[in-house]
Amino acid sequence: MTKTAIQVDHIARIEGHGNVHVVIEDGEVKTVEMNVVEPARLFESMVRGQSYKDCSYISSRICGICSSSHVVTDLKAIERVFGVEVTDRTRALRELLVYGSYLQNHASHLFVFAAPDFLGMPSVFPLAQTDPELFEQALGLKALGNELCILVGGRSIHPITAVVGGFTHEISADEYLRLAEAMDATREFALASVDLFRDFDTV
């Protein structure tokens, strides 16, 4: 019996760390495993001894991709300790901040990491030549997520306006309306993206 084990570590184009393991026996593939590993990040040790006011800023630095979620969960944990009840408006703004992060992340994952593999391309850059409209719309979707995080959280990565109990700054009504119009304008492309990825051959 001949047995071959193939191990590919450090896969690119995923958020996190990935490995692929394949075992072949007598020319037959026996197992194929893909592991996406999320190691311990040790938030608690990083913020131990720090002021509660700084914890969300410190914890968000663990990740440049989903820092908005780290900020919000940190703040919720601190508020739970102190018994702080936030307003519905604060909850809505935090939700908006996290949704901005979702837009950033999903646009990056779908179009930068996944689409090239489905389309048989080495990276996202050839897409700019073969389908420039799709490329521009994909970048626009990510840019909208960035803008949402900037306007609500103060910047696109590692938000600074969300604090214990609320926010230090809020945009004007006109800015909210402009943002709502931009999101409405992107809805058609977002729905088209669902159809695009649904129709990719995954076998």
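Helix 3 runs over residues 67–82, and at 1.5 Å a residue its 16 residues should span 22 Å; the end C-alpha atoms sit 23 Å apart, which agrees. The expected span here is 1.5 Å times one less than the number of residues, and helices (H or I, at least four residues) and strands (E, at least two) are DSSP runs numbered from the N terminus. All of this comes from a predicted model, in which local features need pLDDT of at least 70 and side-chain atom pairs count only at pLDDT 80 or more, while totals for chains, interfaces and linings use all residues. Residues are numbered from 1 along each chain as its sequence is written, and side-chain values use heavy atoms, with hydrogens and water left out.

Back to helix 3 and what it hides. Its buried residues (under 20% relative accessible area, with exposed over 50% and partly exposed in between, for a 1.4 Å probe and protein chains only) are Ser67, Ser68, His70, Val71, Val72, Asp74, Leu75, Ile78 and Glu79. An α-helix has 3.6 residues a turn, so residues three or four places apart point the same way. The cover over the buried residues of helix 3 includes helix 1 (43–47), helix 2 (55–60), helix 4 (88–118) and helix 6 (132–153), along with strand 4 (162–163) and strand 5 (166–167). Just past the end of helix 3, Gly83 adopts a positive phi of about 70°.

Ser101 belongs to helix 4 and, at 1% relative accessibility, counts as buried. Contact means heavy atoms within 4.5 Å; setting aside neighbours within four places in sequence, Ser101 touches Ile65, Cys66, Ser68 and Cys149. Phe135 and Glu28 are 107 residues apart in sequence, and their C-alpha atoms are 40 Å apart in space.

On a 1 Å grid over the protein atoms alone, a cavity is a set of points where a 1.4 Å probe fits but cannot get out, and a pocket is an open set with protein on both sides within 12 Å along at least five of seven lines; lining residues have an atom within 4 Å of a point. Grid points are joined across faces, edges and corners, and a volume is the space filled by probe spheres set on the points.

The largest pocket has a volume of about 360 Å³. Of the 17 residues lining it, Leu103, Leu141, Thr186, Ala190 and Leu191 lie nearest its centre. Helix 4, helix 6 and helix 7 (173–198) each put at least two residues into this lining, with helix 7 giving the largest share, 8 residues. The lining splits into 13 nonpolar, 3 polar and 1 charged, where Ala, Val, Leu, Ile, Met, Phe, Trp, Tyr, Cys and Pro count as nonpolar, Asp, Glu, Lys and Arg as charged, and the others, Gly among them, as polar.

The second largest pocket holds about 210 Å³ and brings helix 3 back in: that helix gives the most to its lining, 4 residues. Among the lining residues are Val72, Glu79 and Gly83, and the lining divides into 3 nonpolar, 1 polar and 6 charged.
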